[in-house]
Amino acid sequence: MSTQMRRFTGIAQASAPLIAVYAKVREPLLHLPNYAVPAFAERLERHGREPGFEAVLAFDAGGQPVGYAYGNTVEAGDRWWTRIGEVDEEYTTAPALALKEIGVTVPHRGTGLARRIHDELLAGRNERYVSLMVNPAAGEGKVQRVYESWGYEAIGAVQPSPDSPVLTAMVRLVDC
C-alpha cells in the first residue's frame with residue numbers, strides 16, 4: 001500500500017485530518033470517555049498550542065489519512081514528567097519530545113507504517129530523548145512490546161486523567 005507522509009508544524013492545518021484518522025484508528029474505543037472524539041479534539045487543541053508541536057500524517061493514494069503521530073517539546077518540570085513521579089534527571093535536564101499519539105488504521109497495521117510515521121516524526125528533531133505513554137493492556141501487551149522493540153524502556157506508571165487507564169511511561173534516545 002502506497003502512502004505519502006506529510007509534516008505539519010501548526011495545529012490549524014493538522015487538526016481536521018488528525019481528528020478524522022484518530023476516529024478511524026480508535027473506533028472500537030470511542031464509547032469510552034477518555035477516547036471519545038471530543039476529548040481527543042480538546043487534547044489535540046491544547047497540545048497544538050504547546051512548544052515544538054509537530055505532526056506527521058500518512059495519506060493513502062486517494063488522499064485519505066491512514067496514520068498519524070504527533071508530539072511536542074517538554075522541559076523539566078512539565079506536567080508530562082511530574083505526573084510520572086520520580087524520573088531520572090538524565091531525561092529531564094534538556095528538552096525532550098513527548099510523543100502524545102500514534103496510530104494507523106486497521107488495513108495498515110502490521111505493515112511497518114507506524115514505525116515509518118514514528119521515525120519521520122523524530123527525523124530532524126533537536127531533542128535528545130523521546131518519551132511516550134502506552135496502555136500496557138493494549139493488544140494484550142503487544143503494543144508495549146512493539147515500543148520496546150523500537151528501543152523504548154519503561155520508566156514509570158502514570159494515570160494522565162481520571163478517565164484514563166494507568167499507562168506505562170517509556171523513553172528512548174531520539175537517534176536510536
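How many positive and how many negative side chains does the protein chain have, and how far apart do the centres of the two sets lie? In this predicted model, the protein chain carries 18 positive and 21 negative side chains, with the centres of the two sets lying 6 Å apart.

**Fold and dimensions**
- The secondary structure of the protein chain consists of six helices and seven strands, which follow one another along the sequence in the pattern β-α-α-β-β-α-α-β-α-β-α-β-β.
- The radius of gyration of the protein chain is 15 Å, which agrees with the value near 16 Å that a compact globule of 176 residues would have.
- Along its principal axes, the C-alpha trace of the protein chain spans about 45 × 35 × 30 Å.

**Interior, contacts and surface**
- Among the 176 residues of the protein chain, 45% count as buried, while the chain exposes about 8,800 Å², of which carbon and sulfur atoms supply 52%.
- Of the contacts in the protein chain with a separation of 6 or more, 66% are accounted for by residues 24 or more positions apart.

**Helix α5 and its surroundings**
- Helix α5, which covers residues 113-122, has as its buried residues Leu113, Ile117, His118, Leu121 and Leu122.
- These buried residues of α5 pack against the strands β1 (3-8), β2 (54-60), β3 (65-74), β4 (96-104), β5 (129-134) and β7 (167-173).
- Just after α5, Gly124 adopts a positive phi of about 80°.

Terms used:
Residues numbered from 1 in each chain as written. Predicted model: local features only at pLDDT ≥ 70, side-chain atom pairs only at ≥ 80, totals over all residues. Heavy atoms only, no water. Helix = DSSP H or I, 4+ residues; strand = E, 2+ residues; numbered from the N terminus. Rg over C-alpha atoms; globule rule 2.2 N^0.38 Å. Buried < 20%, exposed > 50% of the residue type's maximum accessible area, 1.4 Å probe, protein only. Contact = heavy atoms within 4.5 Å. Areas by Shrake-Rupley, 256 points an atom, 1.4 Å probe, with all protein chains shown as cover. Lys, Arg positive; Asp, Glu negative; His and termini not counted. Charge placed at Lys NZ, Arg CZ, Asp CG, Glu CD.
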